[in-house]
Amino acid sequence: MRNFSQVQDATLPADIPRSLRSWRVDDFSLLIGTAVAGISTTWVIYTALTPATGKTGFFLIAYLTFLILYVMICALELGRQTAFDNLWTVLTWSAALLLLAPLTTILLYVIVKGFAGLNGDFFTKDLSATGTLDSGGGAAAAIVGTLQQVFIAVCISVPLGLLTAVYLNEVKGRFRRPVRMFVDAMSGIPSIVAGLFIYAVWIIALGNVFSGLAAALALSILMLPTVTRTAEEVLRLVPDGMREGSLALGATRWQTTYRVVMPTAASGLITAIVLGVARAVGETAPLIMTSFGSTAMNANPLNGAQDSLPLFVYRLIANPFAAQQQRAWTGALVLVMVVLVLFTIARIIGAKASGNRR
Amino acid sequence: MQADEDKSLDRKDASSQDQPRTLERSLSTDDRVYEAAAVAGGLSTLVILAFIGLFLFVRSSLVFSQVGLGFFTSTSWRPDASPPEFGIVSILYWTVIIAIIALAIALPVSVLTALFLVEYSPRRLRGPLRTLVDLLAAIPSLIYGLWGLFFLQPHLVGVARWLSDYASFIPIFRVKEPTFTGSAFIVSVVLALMILPIITSIVREVLEQTPPGEKEAALALGSTRSGMVKSVMLPFARGGIIGGSMLGLGRALGETIAVAIILSPSLIISPRILETGTNSIASLIALKFGEADELSLSALMAAGLTLFVLTLTVNFIASFVVARSRSGAGVDA
């Protein structure tokens with residue numbers, strides 16, 4: 001009884017709704033205060049007791065000290081439950097921030113390192129006439145190789161991937177479950193194993209030479225699961241009513257798939273292809289044993305060793321000379337940019353797709 | 001009533017007089033071709049996987065005929081010795097160790113990030129953050145390797161030295177030689193970053209399917225948000241967390257170029273993860289391929305086969321677990 005009236009008294013006069021789940025000034029000042037305390041404590045401990053171990057260690061210890069201090073003060077001021085609750089909030093925030101750190105440093109580092117070598121020559125010349133100490137020359141051979149190999153890989157894996165996705169979601173055949181499981185398992189195949197496989201079949205067993213085509217075959221094995229899974233998910237989003245409507249109007253199954261389902265899912269399917277390409281562009285390991293790499297331009301993907309951007313970077317970064325390393329970094333920059341552009345395209349098309357559907 | 005009688009009458013009629021017509025699909029030629037093509041496409045995945053296993057097995061027969069099952073018991077990999085020695089044990093050991101350390105680093109971070117994306121983050125941040133996580137997955141392995149070697153390693157060497165100086169009471173942090181570059185620890189940190197997005201997106205997917213009713217019930221009973229996360233969301237997502245981490249483990253086991261760029265190869269089995277020298281099957285293949293003669297090529301094929309079987313097994317278990325938790329099996333509500 002007494003409790004009840006107390007509650008009423010407490011709530012009646014201040015009739016402003018409390019904003020839920022938001023943090024108050026106290027909470028923020030506590031957070032910032034303990035962060036500062038953590039850093040200063042660490043600075044004392046770190047410099048006095050365990051000197052000369054670098055910045056990263058400092059941040060790690062500072063973070064741990066901050067966490068301990070924060071939980072202790074929260075427990076004293078606000079009670080154990082709140083302390084625990086706040087600890088989780090802080091942990092999830094820091095995990096998300098931690099994830100951003102590698103992304104930003106990777107992009108910045110590659111840009112800073114690679115920008116100096118970015119010029120017209122890089123896109124128009126190859127390295128056949130360039131010594132290891134010379135500047136000049138470029139990655140034209142590598143760029144041509146990458147374009148050709150990825151194009152061929154797309155031509156192989158996209159029809160196959162779409163067919164598999166259609167099998168999984170439109171035909172709904174008897175082996176749907178095992179096929180889906182195998183597609184999943186295939187997406188985890190190490191890229192080097194795909195390369196070894198193509199080497200064993202295409203080059204040893206069938207007696208062909210290193211070529212861009214062999215590289216494209218290996219790349220299409222790696223693209224296939226990506227294309228299939230994404231395409232299948234997109235096809236699943238097409239409402240069944242459209243299929244039934246089409247069939248009820250007398251269309252055959254093939255017409256339904258080709259004229260109704262595919263156009264409805266078109267933008268999503270393009271996203272699937274673009275994501276597959278983004279995966280294939282940066283693959284390095286299978287190319288070592290399929291296209292091998294070369295310094296000279298080879299515009300014929302059917303015959304002879306061919307260079308490609310990842311191989312170009314992988315080969316030159318191991319070189320001790322500054323000019324070669326510079327080229328490798330510029331190659332890495334171009335590679336990252338290509339992946340970023342592809343990724344953005346996939347996002348834009350994908351966003352459009354989901355916008356249309358609503 | 002009337003309707004019921006009609007129905008029962010119908011049923012009686014049907015059972016006494018009519019036989020159910022057997023339904024037949026009559027497909028046009030177009031449709032036959034279409035279905036056959038789709039079936040062929042669907043089965044191509046199975047065929048490719050079977051061929052990969054088969055060809056690697058056939059190509060590795062040479063080394064098995066030379067060293068026999070010693071391939072799986074010996075720790076020495078010396079193509080130049082006479083007779084040449086090929087044993088995968090130490091390489092397999094390091095492959096598994098770096099994958100497990102990578103998972104141990106990545107798992108807590110990705111579960112927390114997934115929780116942040118589903119539960120803790122401001123609504124406006126969710127979309128962009130999800131894109132960033134996907135972008136992290138799209139960055140090529142080669143770039144991770146370069147960044148890890150030139151940018152991250154100098155930073156991590158300090159941490160490794162600090163750990164070996166002040167935390168050496170834990171056996172795995174002990175070192176014999178104070179060299180820290182190219183160690184299992186550094187390789188694992190880079191691997192952890194590479195598998196983070198995969199685990200995060202799977203855990204997030206499963207967390208998003210937590211029944212809102214149960215979450216609200218926990219909060220209504222007076223639970224704090226962390227209490228709700230611990231008692232409702234995490235148990236619900238357990239299958240996704242296990243499956244996602246196994247998928248991540250599969251990736252870490254098979255990752256090639258980033259590892260090959262960073263590590264310094266070693267054939268010594270030791271628990272000292274901070275010290276220079278580690279190994280992995282995938283990077284062994286990438287690094288030794290160029291200088292391989294016929295016998296060692298066959299040994300590399302055998303190593304590839306081992307890796308293939310290992311990753312395939314891990315992935316199968318993973319996709320099985322994830323599929324079960326996605327369909328909501330084992331959930332009462």
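Residues are numbered from 1 along each chain as its sequence is written, and chains are lettered from A in the order in which they are written. In this predicted model local features need pLDDT of at least 70, side-chain atom pairs count only at pLDDT 80 or more, and totals for chains, interfaces and linings use all residues, while side-chain values use heavy atoms, with hydrogens and water left out.

The secondary structure of chain A consists of 15 helices and 0 strands, where helices (H or I, at least four residues) and strands (E, at least two) are DSSP runs numbered from the N terminus. Chain A has 358 residues, of which 49% count as buried; buried denotes under 20% relative accessible area, exposed over 50%, and partly exposed the range in between (1.4 Å probe, protein chains only). Among contacts in chain A with a separation of 6 or more, 69% involve residues 24 or more positions apart, a contact being heavy atoms within 4.5 Å. Carbon and sulfur atoms contribute 68% of the accessible surface of chain A, which comes to about 17600 Å² (Shrake-Rupley method, 1.4 Å probe).

Helix packing was examined next. Helix H6 (residues 140-171) and helix H7 (residues 176-186), both of chain A, pack at an angle of about 140 degrees with their axes 10 Å apart; axes are lines fitted to C-alpha atoms, for helices over the stretch in contact, and angles run from 0 to 180 degrees between N-to-C directions. H6(A) is therefore oblique to H7(A), given that angles under 35 degrees count as roughly parallel, over 145 as roughly antiparallel, 65 to 115 as roughly perpendicular and the rest as oblique. The contact involves Thr164(A), Tyr167(A) and Leu168(A) of H6(A), together with Arg176(A), Val179(A), Arg180(A) and Val183(A) of H7(A).

H7(A) also packs against helix H2 (residues 29-67) of chain B, the axes coming within 9 Å and crossing at roughly 50 degrees. This arrangement makes H7(A) oblique to H2(B). Residues of H7(A) including Val179(A), Phe182(A) and Val183(A) meet residues of H2(B), among them Leu43(B), Leu46(B) and Leu49(B). In a further packing between the chains, the axes of helix H4 (residues 80-115) of chain A and helix H3 (residues 89-120) of chain B come within 8 Å and cross at roughly 105 degrees. H4(A) is thus roughly perpendicular to H3(B).

Over all chains, the structure holds 23 aromatic pairs; rings of Phe, Tyr and Trp (its six-membered ring) pair if their centres lie within 6.5 Å, and planes under 30 degrees apart count as stacked, over 60 as edge-to-face and the rest as tilted. The pair of Trp329(A) and Phe150(B) is edge-to-face because the ring centres lie 5.4 Å apart and the planes stand at 70 degrees. Trp329(A) lies in helix H15 (residues 322-357) of chain A and Phe150(B) in helix H5 (residues 141-166) of chain B, so the pair joins two chains. Trp329(A) is buried at 3% relative accessibility, whereas Phe150(B) is partly exposed at 26%.

Arg251(B) is located in helix H9 (residues 238-254) of chain B and is partly exposed at 28% relative accessibility. Not counting residues up to four places away in sequence, Arg251(B) touches Ser187(A), Gly188(A), Ile195(B) and Ile198(B).
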